[in-house]
Amino acid sequence: MLELFIMKNQILSFLTLIIFSVTLSASNNPVKSILLIDSKAVEVSIDDNSEASIFTSALYNESSEKLEFTTTDVVEFIQIFNSEGRLEFQLPIKSKDISIGKSLFSEGPYKLGFIIEGKDDIQFTEVLFN
């Protein structure tokens with residue numbers, strides 16, 4: 001009987017140690033967004049600092065009402081997804097200098113997918129028009 005009690009305590013101790021280890025190794029840090037553009041009309045953010053490095057500049061031109069990006073590599077296409085995740089537009093770019101008019105958007109959230117020449121991954125930005 002004593003052996004059974006000792007074995008039960010060892011198993012419970014082992015399970016407690018595993019649960020405690022898993023809990024400590026879990027990350028509580030949510031992914032922080034990096035704000036590329038912050039204006040009264042629009043906010044553009046990206047989730048990963050490595051993805052932000054593709055942009056040499058990003059701004060919203062108030063007078064022409066355009067999002068303007070300059071990238072380190074040639075962008076082949078930009079995909080514009082609506083708030084439900086449906087593709088609304090795929091625009092051919094073939095340039096490092098990109099200008100997208102506000103007229104393509106209404107109020108609310110969008111996602112822009114930058115398809116970079118020679119890269120497999122699409123670089124996404126979150127866009128919120130106010």
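Modeller: Start with one pair. The side chains of K119 and D73 meet in a salt bridge, at 3.2 Å from N to O. Keep in mind that this is a predicted model.

Colleague: Why is the contact of K119 and D73 called a salt bridge?

Modeller: The cut-off is 4 Å between a side-chain nitrogen of Lys or Arg and a carboxyl oxygen of Asp or Glu. K119 and D73 are at 3.2 Å, N to O. That is within 4 Å, so the term applies.

Colleague: What makes it a link between distant parts of the chain?

Modeller: K119 sits in the loop between β6 and β7. D73 is in strand β4. They are 46 residues apart.

Colleague: Is K119 buried, exposed or partly exposed, and how do you know?

Modeller: Buried means under 20% relative accessible area, and exposed means over 50%. K119 has 39%, so it is partly exposed. D73 has 28%, so it is partly exposed too.

Colleague: How many salt bridges does the structure hold?

Modeller: Three. One of them joins E84 and R86, with the closest N and O atoms 2.0 Å apart. Both residues are exposed. Another joins E126 and K111, where the closest N and O atoms are 3.4 Å apart.

Colleague: Why do you say that the E126 and K111 pair ties parts together?

Modeller: Because E126 lies in strand β7 and K111 in strand β6, the pair ties together parts 15 residues apart in sequence. E126 has 31% relative accessibility, so it counts as partly exposed. K111, at 30%, also counts as partly exposed.

Colleague: Now the inside. Which residues have the most contacts inside the largest nonpolar core?

Modeller: That core has 23 residues. Those with the most contacts inside it are L67, F69, I100, L112 and F114.

Colleague: Which strand gives the most to this core?

Modeller: Strand β4, with five residues. In general, nonpolar side chains tend to be buried together in soluble globular proteins.

Colleague: What does L67 touch?

Modeller: Leave out residues up to four places away in sequence. Then the list for L67 includes I37, V44, L59, I98, L112 and F129. A contact needs heavy atoms within 4.5 Å.

Colleague: And what is the overall pattern of the protein along the sequence?

Modeller: It reads α-β-β-α-β-β-β-β-β. That is two helices and seven strands. Of the 130 residues, 28% count as buried.

Terms used
Residues are numbered from 1 along each chain as its sequence is written. This is a predicted model: local features need pLDDT of at least 70, side-chain atom pairs count only at pLDDT 80 or more; totals for chains, interfaces and linings use all residues. Side-chain values use heavy atoms; hydrogens and water are left out. Helices (H or I, at least four residues) and strands (E, at least two) are DSSP runs, numbered from the N terminus. Buried means under 20% relative accessible area, exposed over 50%, partly exposed in between (1.4 Å probe, protein chains only). A nonpolar core is a set of buried Ala, Val, Leu, Ile, Met, Phe, Trp, Tyr and Cys residues joined through side-chain atoms within 4.5 Å.
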